[in-house]
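Visitor: I am new to reading protein structures. Could you walk me through one, feature by feature?
Guide: Gladly! Let us look at it together.

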Amino acid sequence: MENTALTKGSSQRSQMCIQVEDLWKIFGENVERCFSPEMRASSKATILEKTGCVVAIKEISFEVQKGEFFVIMGLSGSGKSTLIRCILRLIKTTAGRILINGDDICSYNDQQLTHLRRNTTAMVFQQFGLFPHRNVLDNVAYGLKVQGVAEEERYIKAREVIDKVGLKGWENYLPSTLSGGMQQRVGIARALAIEPEILLLDEPFSGLDPLIRRQMQDELIGLQEEVQKTILFVTHDLDEALKLGSRIAIMRDGEIIQVGTPEEVITTPGNAYVREFVQDASPAKVVTAKNIMEQPKVLLYEWQGPKAAMHTFRTTMTNSIFLVSHTGILLGLITLERLVKLIRNRGNSLKEALEPDLPTCTADTVIEELFPLAVSTMHPIPVVDEAGRFMGEIYNSSIMISMIQEKETGETEESDKEESHV
Amino acid sequence: MFEFPQFLTIPLAEWVDAGMSWILTNLGTIFDAIGTSILALLLTIERIFLWIPWIVTILAVGIIAWRALRQWWAGVLFAAMLVLIGSFGYWDLAMMTLAIIFASVIISLLIGIPTGILMARSNIFQSILKPLLDAMQTMPSFVYLIPALMLFGLGKVPAVFATIIYAIPPVIRLTNIGIRQVPKSVIEAAQAFGSTPKQILYEVQIPLAIPSIMVGINQTTMMALAMVVIASMIGAKGLGMQVLLAINRIEIGKGFEAGICIVFLAIIIDRITHAMAARKEYSMSN
């Protein structure tokens, strides 16, 4: 049993980009005292009381795969910013290992560390951390400058990235003349300019107003699709975490209390803290079409004639069926009404009886985005993959039911809590 | 009972004297070398200032003031002040005074800025240097004349030496403050991109400290001007000497003329360096 787990681990290792193993950061003197078994079991507050040491992060272990968008979420003081700084060793760790591409960076000397920071990683900061005396172009080119890239070459690269983040024309302005959102674009461009393998973002959008924040989140998703970096993203905003992360780690008091996909975190919270945290989050934002789609009882195929189709309608007692090609591509929806009209007009191709303006969605579409589609049609919504192949259908009633179920569980938990208070 | 006990006499004065004579006998050659290099620098500057035709100097000051203050009347006003100095017959003396100020400020900056940088990088060094700088600034400036006189004799070199000691603290202090005031987030960002400590210093800290350093340069220059007048007591020829002579001979008019020339120089130097410092600050915050 253990053996299989080990081999599985090692086979996955090649895919791993960042591995953190039992990482600790403690501020104070004689920190060794904090590692006794008794202290390990105690909380941050108890350790502070007994030893006078402040535990910033405690027993943290997690792994991030190549190309993954990993979000660390926690409220202020949960240690999330300390953690992300430890990964670049901007803060020295107390104990534990951090492996980047299998290399323990805690054992790095200054030279190796400089090399890592220059070539492998790049960071975006909450306070932007832009150089106020340099214009946008020089800010973006900074990472290349410390690498020793010649001026001409680094300006070419920098202009390219500035273009990508939508700041063309602002190259010669100083950061202080830019709005917050634009400054953070500079921050992101500066990080992308060195083409890092790993992008670390420390609450990059927290200082921005909500409208800009949403826009920047969407742009980051777009950028990630384009550049495919491994991303470690720190935030205190649950909605942001759910929207961006392919996996989320929830931190509290310096410890990770749950790691999972956004859906797992919402639907099966690991403990009371997470449950309380996510209870306001709408499942409509995380539950996706593939969770509620159903396999249709019956399908029509493009080679079938109208008469055969009518037979199918009669035997299944429905009034709409999806039409697919022989490769499984969705062609459209046939309603009984239109089929009757087709037969009356002596038409012989089912394609002539297709319902116009058929809305479709993909397996990753969240329920929230299905609402407008559901309102626009009386018929089920088909789910298709990237190639347009039919995967399943969603009934309006399933959308409703998925929402009601989530609500119910939320309410019972709430009433439980009230009882326990009494 | 009310008298301070006799046996508690600490002969600090004697110790200082002993120390000075030890320095004189043992380190004399070093101070001779320092003295000759200061003199060489000073004479070069003085020669240049005296060589430049007066009309060129006046025009140059006018244009620099106009460019720095961005106001044409400032240029005209400062040029007029220089014309007045010349019309009092003090042109050469004013240039000599200016040469001493320039030499002192150049040496002060050469020593002061690196010292300020070191001070910003080491808390221990800062805690040692801070009281020393405080003492240097609160000590009556006449006190510096004595060791300067003993080390370098009469003349211009001890004047420059005393002026440096008196004028150097502001530039050290403000370099230190300027570097320490660089936001942590900016330094952190520089680190995160793999900058070496040297790169952080030259690419980030010093450029961001420049407005503060410029203020330090302005203050150092003004203090040098103040000290130059006092330094004329140990034989530095210049405007200060005229004031001194006027006091001795009770020539109120002459004293006033020389005094007003010093005020003119002060205004010109202060306004121009101040405007340069302010411009640096402005360009960074906007």
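Visitor: Let us start where the chains meet. How many residues does the contact take from chain A and from chain B?
Guide: Chain A gives 19 residues to the contact and chain B gives 17 residues. Keep in mind that this is a predicted model. As a general idea, the size of an interface is often given as the accessible area lost when the parts come together. Here we simply look at who takes part.

Visitor: Which elements of chain A each supply at least two residues of the side that touches chain B?
Guide: Look for helix 5 (110–119), strand 6 and helix 7 (142–147) of chain A. By residue kind, the side of chain A that touches chain B splits into 10 nonpolar, 7 polar and 2 charged.

Visitor: Strand 6 has come up, so let us follow it. In what order do the strands of its sheet lie?
Guide: The order is 6-7-8-3-9-10 in chain A, in an open sheet of 6 strands with mixed pairing. The edges are strand 6 (121–124) and strand 10 (255–260) of chain A, each of which pairs on one side only. On average, neighbouring strands of this sheet are turned by 15 degrees against each other, with direction ignored.

Visitor: Do strand 6 and strand 7 of chain A run parallel or antiparallel?
Guide: They run parallel, and 4 bridges join strand 6 of chain A to strand 7 (residues 198–202) of chain A. You can trace the pairing residue by residue: A:M123 has A:L200 in strand 7 of chain A as its bridge partner, and A:V124 has A:L201.

Visitor: How should I read the side chains of a strand?
Guide: In a regular strand the side chains alternate between the two faces of the sheet. Now try strand 7 of chain A: A:I198, A:L200 and A:D202 point one way, while A:L199 and A:L201 point the other way.

Visitor: Are those residues buried or exposed?
Guide: All of them are buried, whichever way they point. That makes strand 7 of chain A mostly covered, with 5 of its 5 residues buried.

Visitor: Which helix lies across strand 7?
Guide: Helix 4 (residues 80–87) of chain A does, and it also lies across strand 3 (69–73), strand 8 (230–235) and strand 9 (247–252) of chain A. Its direction is at about 150 degrees to strand 8 of chain A.

Visitor: What about the sheet that holds strand 1 of chain A?
Guide: That open sheet has 4 strands in the order 2-1-4-5 in chain A, with antiparallel pairing. Strand 2 (54–65) and strand 5 (103–104) of chain A are its edges, each pairing on one side only. Strand 1 (residues 16–27) and strand 2 of chain A share 8 bridges in the antiparallel sense, and A:L23 stands opposite A:I60 in strand 2 of chain A.

Visitor: Now a pair of helices. At roughly what angle do helix 15 and helix 16 of chain A cross?
Guide: Helix 15 (residues 306–316) and helix 16 (residues 336–344) of chain A cross at roughly 145 degrees, and their axes come within 10 Å. The crossing is left-handed.

Visitor: Which residues meet there?
Guide: From helix 15 of chain A come A:P306, A:A309, A:M310 and A:F313, and they meet A:L336, A:L339, A:L342 and A:I343 of helix 16 of chain A. This contact divides into 8 nonpolar, no polar and no charged residues.

Visitor: Let us step back. How is chain A divided into domains?
Guide: Domain 1 covers 64–285 and domain 2 covers 290–400 of chain A. Their C-alpha centres lie 42 Å apart.

Visitor: Finally, how many helices and strands are in each chain?
Guide: Chain A has 18 helices and 15 strands, whereas chain B has 12 helices and 0 strands. Of the 422 residues of chain A, 37% count as buried; of the 286 residues of chain B, 41% do.

Terms used
Residues numbered from 1 in each chain as written. Chains lettered and ligands numbered in written order. Predicted model: local features only at pLDDT ≥ 70, side-chain atom pairs only at ≥ 80, totals over all residues. Domains from an automatic or database assignment. Pairing = 2+ DSSP bridges. Axes fitted to C-alpha atoms, helices over the stretch in contact; angles between N-to-C directions. Contact = placed C-beta atoms within 7 Å. Left-handed = near helix turned anticlockwise from the far one by under 90°. Nonpolar A, V, L, I, M, F, W, Y, C, P; charged D, E, K, R; others polar. Buried ≥ 20, exposed ≤ 12 C-beta atoms within 10 Å, placed from the backbone.
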